[in-house]
Amino acid sequence: MLRFLVHKFIPDADNVQNAEVRGRYGTLSGCLGIFFNLLLFLVKVLAGLLSGSITVIADALNNLSDAISSIVTLIGFRLAGHKADAGHPFGHGRIEYLSGLFIAIVILIMGVELARESLDKVLHPSLASTSPVVLAILVFSVLVKLYMYHYNRWFSKRLQSVALDSAASDSRNDCITTTVVLLSLLLQQFTGLAIDGWSGLAVSVFILISGVQSLMETSGPLLGQEPDPELVRKIADTVRKADHVLGMHDLIIHDYGPGTRMMTLHLEVPAEMTLPASHMLADQLENTLQQKFGIQTVIHVDPVDTRDPETAALREKLSEFLDYLGPDFLYHDFRVVHETDRIKVLFDVNLPFDSRMSEDEVKEYLRREFAKVNPEICLRVRVDHYTRA
């Protein structure tokens with residue numbers, strides 16, 4: 001059924017990086033979500049009125065909020081598909097992330113509201129009634145939500161979409177919530193225990209935890225997060241295989257929404273390489289990376305002196321000093337400048353984010369070690385953080 005809908009409503013469905021195709025996926029997901037959630041809202045309100053269960057009523061309101069979330073998903077994908085303009089030169093793709101963030105916030109609001117209603121039910125307990133009609137409605141709701149989880153999860157994996165992943169998580173939560181409601185009514189029927197409020201509290205805790213997880217996942221791309229380590233490794237392998245490349249560093253990937261990314265990196269080449277040759281090498285690599293990974297790339301070229309014996313010896317010493325600190329301490333932009341009364345050594349040290357040493361401690365350690373090698377050495381060290389490539 002799902003593949004039939006995709007085939008019918010989404011031409012060129014495999015081209016998931018295309019903004020128009022992604023918009024059609026979002027439209028299909030949103031329309032299905034609106035239809036199913038409004039249907040479930042109506043039947044659950046009927047079940048809640050028949051049973052007198054606060055948890056069933058809360059579950060129905062949750063479906064109403066899900067219908068609103070589906071509308072947000074639909075609008076979000078539509079807006080995200082708009083082409084770049086003067087005000088937004090990198091497109092509108094991040095709107096897809098914003099729609100996922102909105103859904104996560106809705107999940108949290110519903111969790112808080114359900115907890116409040118359930119706590120009132122705990123303090124003022126009463127037995128809810130059950131009937132075959134109510135039980136049948138709840139079973140039907142579980143099956144519908146399972147289907148919604150299935151298609152949203154399939155869409156989210158296909159598109160690598162945080163918005164649809166949040167929608168899938170919400171559908172999964174609803175499935176669990178309704179199952180707990182169903183079991184609660186059955187347990188009350190056979191034991192006579194008024195556990196409606198307690199089951200509602202348990203469900204609300206689960207929803208709140210899920211909402212926090214969705215909030216963290218959807219806010220990551222907006223705040224800026226570390227790129228996929230496997231992608232970084234592939235980029236580094238591609239760059240380092242090119243002729244005359246000695247190394248690379250300071251890789252930064254900017255995410256402006258699905259299918260719209262930019263990256264910058266520093267390329268190390270021999271100092272004796274001519275400017276036109278190094279410029280041509282950078283251009284070739286920029287084109288290669290664009291074609292291979294679909295990421296617009298800007299490369300800065302750093303010349304590395306490979307012929308001076310003194311520079312080579314000091315580089316080797318620096319490697320030894322940093323190896324002592326750990327394998328994640330790296331350096332780049334190493335230069336040696338001879339002045340009349342001293343030797344100036346300049347370089348950058350990449351400090352891991354989780355390092356126990358502060359920037360000042362790293363600098364002081366290196367000054368101390370280089371002073372042992374040659375007291376005339378004057379260090380100029382800049383410490384920064386990095387994505388390892």
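**Pockets, cavities and helix packing in a predicted model**

The largest pocket has a volume of about 940 Å³. This is a predicted model, in which local features need pLDDT of at least 70 and side-chain atom pairs count only at pLDDT 80 or more, while totals for chains, interfaces and linings use all residues. Residues are numbered from 1 along each chain as its sequence is written, and side-chain values use heavy atoms, with hydrogens and water left out.

A pocket here is an open set of points on a 1 Å grid over the protein atoms alone, with protein on both sides within 12 Å along at least five of seven lines; lining residues have an atom within 4 Å of a point. Volume is the space filled by probe spheres set on the points, which are joined across faces, edges and corners. The lining of the largest pocket has 35 residues, and Y97, Q160, Q225, D255 and R261 lie nearest its centre. Two or more lining residues come from each of α4, α5 (132-159), α6, α7 (196-223) and β1 (247-255). Helices (H or I, at least four residues) and strands (E, at least two) are DSSP runs, numbered from the N terminus. The largest share of this lining, six residues, belongs to α7. By class, the lining holds 11 nonpolar, 14 polar and 10 charged residues. Ala, Val, Leu, Ile, Met, Phe, Trp, Tyr, Cys and Pro count as nonpolar, Asp, Glu, Lys and Arg as charged, and the others, Gly among them, as polar.

A cavity is a set of grid points where a 1.4 Å probe fits but cannot get out. There are two cavities of 30 Å³ or more, and the largest cavity holds about 120 Å³ of space. It is lined by 16 residues, with N37, D66, S70, N152 and A167 closest to its centre. At least two lining residues are supplied by each of α2 (19-51), α3 (54-80), α5 and α6. This lining divides into four nonpolar, nine polar and three charged residues.

Helix α6 also packs against two other helices. The axes of α5 and α6 come within 8 Å and cross at roughly 160°. Axes are lines fitted to C-alpha atoms, for helices over the stretch in contact, and angles run from 0 to 180 degrees between N-to-C directions. The two helices are therefore roughly antiparallel (over 145 degrees; under 35 counts as roughly parallel, 65 to 115 as roughly perpendicular and the rest as oblique). The contact of α5 with α6 has 18 nonpolar, six polar and five charged residues.

The axes of α4 (residues 94-123) and α6 (residues 162-191) come within 7 Å and cross at roughly 20°, so this pair is roughly parallel. From α4, the contact (heavy atoms within 4.5 Å) uses E96, Y97, S99, G100, I103 and I107, and from α6 it uses V162, A163, S166, D170 and N173. Five of these residues are nonpolar, four polar and two charged.

A further pair involves α10 (residues 309-325) and α11 (residues 359-373), whose axes are 11 Å apart at an angle of about 135°. That angle makes α10 oblique to α11. L314, K317, L318, F321, L322, Y324 and L325 of α10 meet Y365, L366, E369, F370 and V373 of α11. This contact has 10 nonpolar residues, no polar ones and two charged.
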